[in-house]
Amino acid sequence: MAAVLCVGLTTLDVTQRVDEFPDPGQKIRSLGAVLSPGGPAANAARAVAALGGRSALLTALGADALGEFVRASLDPVQVTAVPGTTPVSMVVVRDADGERTVVSRNASVPVTAPDLSDLLAAADVVLLDGHHEGLAIPVARQAKALGLPVVLDAGSWKPVLDHLLPLVDVAACSHGFERSEAEVHSCGVPLVIRTHGAEPVTWSRNGSAGELPVPAVAVKDTNGAGDVWHGAYAYALASGADPVGAIGFASEAAAVRVGAVGDWVEELARWQDSRSGSTSC
């Protein structure tokens with residue numbers, strides 16, 4: 001079974017679906033509200049589990065009711081949580097096109113990594129989101145020493161990336177990531193991938209470059225789509241897929257996410273089961 005260790009941010013997401021985003025000062029009624037785990041690393045870990053992989057998450061959670069709710073909701077992900085806070089994200093999704101807006105506190109308390117030997121020994125691939133510097137750097141260093149592939153979810157530039165990029169094998173960047181492919185390569189990253197929403201995913205490696213189309217889908221909810229992309233990519237890599245070839249699988253999985261309303265984890269698991277009964281990529 002392909003095993004992925006996801007390291008980084010976990011939040012409690014409060015998601016409300018609306019007909020239209022409110023104007024400043026306006027009160028509106030939502031179409032529905034959902035409480036669920038969120039955050040790049042947690043969503044990626046949930047995607048890995050839904051796809052049939054062995055999923056582990058190293059994160060920080062508060063020792064309170066919020067933290068306990070999130071931990072319980074992450075099952076069957078194996079959660080290792082160091083003491084910290086449980087950030088709350090307020091997510092509003094527009095019903096007509098799935099566009100979302102997010103207000104989040106993110107990680108704000110310094111954390112210290114636990115003994116990583118068992119977590120890394122059980123992993124085929126490590127996925128980092130750049131949050132929780134005290135976890136990300138020790139994991140990346142030890143994974144590199146063990147020869148484990150390290151994938152970075154590069155959503156936005158963070159100061160810690162100056163230290164992480166030289167330890168990364170694949171940097172999967174969002175369209176808005178503030179560094180160019182050449183700059184990321186100059187830090188020692190062999191493969192740089194960039195997603196562009198509904199436009200083709202681009203990649204560059206060893207002087208070669210290319211692009212791969214993404215599936216057309218009726219968009220219902222874009223929240224966490226990039227997180228699912230990264231989780232699916234890491235799962236494909238852990239399953240033995242070529243690093244460039246894994247892009248197509250990740251884009252298909254992300255398309256399932258944006259086309260789902262409600263329990264996207266269940267939708268993703270059904271999609272994987274429907275692929276000729278196979279749990280491979």
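Modeller: A pocket is an open set of points on a 1 Å grid over the protein atoms alone, where a 1.4 Å probe fits and protein lies on both sides within 12 Å along at least five of seven lines. Its volume is the space filled by probe spheres set on these points, which are joined across faces, edges and corners. The model is predicted, and totals for linings use all residues, while local features need pLDDT of at least 70 and side-chain atom pairs pLDDT 80 or more. Residues are numbered from 1 along each chain, and side-chain values use heavy atoms, without hydrogens or water.

The second largest pocket holds about 400 Å³ of space. Its lining (residues with an atom within 4 Å of a point) consists of 21 residues, and those closest to the centre are Thr-15, Val-34, Ser-36, Gly-262 and Trp-264. Two or more lining residues come from each of strand 2 (11-18), strand 3 (32-38), helix 1 (40-50) and helix 9 (264-274). Here helices (H or I, at least four residues) and strands (E, at least two) are DSSP runs numbered from the N terminus. Strand 3 gives the largest share, six residues. By class, six lining residues are nonpolar, nine polar and six charged; Asp, Glu, Lys and Arg count as charged, Ala, Val, Leu, Ile, Met, Phe, Trp, Tyr, Cys and Pro as nonpolar, and the others, Gly among them, as polar.

For reference, the largest pocket holds about 1200 Å³. It is lined by 47 residues, with Arg-100, Thr-222, Ala-225, Gly-226 and Asp-227 closest to its centre. There, helix 7 (residues 225-238) provides the largest share of the lining, five residues.
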